[in-house]
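Visitor: Before we go through the terms, please show me the model.
Guide: Here are the sequence and the structure.

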Amino acid sequence: MGPEIGVASTKAFTGQVTVLAMLALTLAKEKGTLSDERRQEIIRELMVVPAKIKKILLSNQKIAELSRIFTYAHNFLYLGRGYSFPVALEGALKLKEISYIHAEGYPAAEMKHGPIALVDSEMPTVVIAPTDSLYDKIISNVRQVKARGGTVVAIITKGNDAMKDIADHCLEVPDVPECLTPLVVSVPLQLLAYYIAINKDRNVDQPRNLSLIHI
């Protein structure tokens, strides 16, 4: 079939997260650490995640237009708390891989320990802010970035109008259980990286300095 070179693969990340979620649910059943009712609720939500991702894809054009604003950037900061921290790492990874823009994922709780010194009008910050148990804390991070002249792109749960009054740009995702948020918030992050790379005339199918995988 030929070499597969592309790296902006949403299916790879979401596939791994799905498998890990299923493994966690199985272990929870065996250990009795999660009620059957709650476990079944998460399983039902997991089954409808593909339909919710389709809804996110309806924002494809909006994300494409938003990406044009950031072609100037040389650095990006990605912030997340709890389940959203690994997704911040993934978002930053994809941006640097295909657009060649330096991007750093960081736990939002530790923003004051280094990254805050870099925040200014030239360094956009992507904040993963679903409405979850850590939402109030992530709002504080957004305010801190804004107080220092930073531009904030927030990934939020649909219907969260409060964040729209704080962040510069908001991308909405459907509501899901907190443990499944990586599956939905990763999609707009991937699309943002993709379109920024396209706007910078990068070859997203064959990024430089990557090894070929023959299949």
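Guide: A nonpolar core is a set of buried Ala, Val, Leu, Ile, Met, Phe, Trp, Tyr and Cys residues joined through side-chain atoms within 4.5 Å; buried means under 20% relative accessible area, exposed over 50%, and partly exposed in between (1.4 Å probe, protein chains only). This is a predicted model, in which local features need pLDDT of at least 70 and side-chain atom pairs count only at pLDDT 80 or more, while totals for chains, interfaces and linings use all residues. Residues are numbered from 1 along each chain as its sequence is written, and side-chain values use heavy atoms, with hydrogens and water left out.

Visitor: Which residues touch the most other members of the largest nonpolar core?
Guide: Phe-76, Tyr-78, Leu-95 and Val-126 do, in a core of 43 residues.

Visitor: What makes Arg-39 and Asp-36 a salt bridge?
Guide: A salt bridge needs a side-chain nitrogen of Lys or Arg within 4 Å of a carboxyl oxygen of Asp or Glu. Here the N to O distance is 3.8 Å, so the pair qualifies.

Visitor: Why does Arg-39 count as buried?
Guide: Its relative accessibility is 10%, and the limit is under 20%.

Visitor: Is Asp-36 buried or exposed?
Guide: Asp-36 is exposed, because its relative accessible area is 53% and the cut-off is over 50%.
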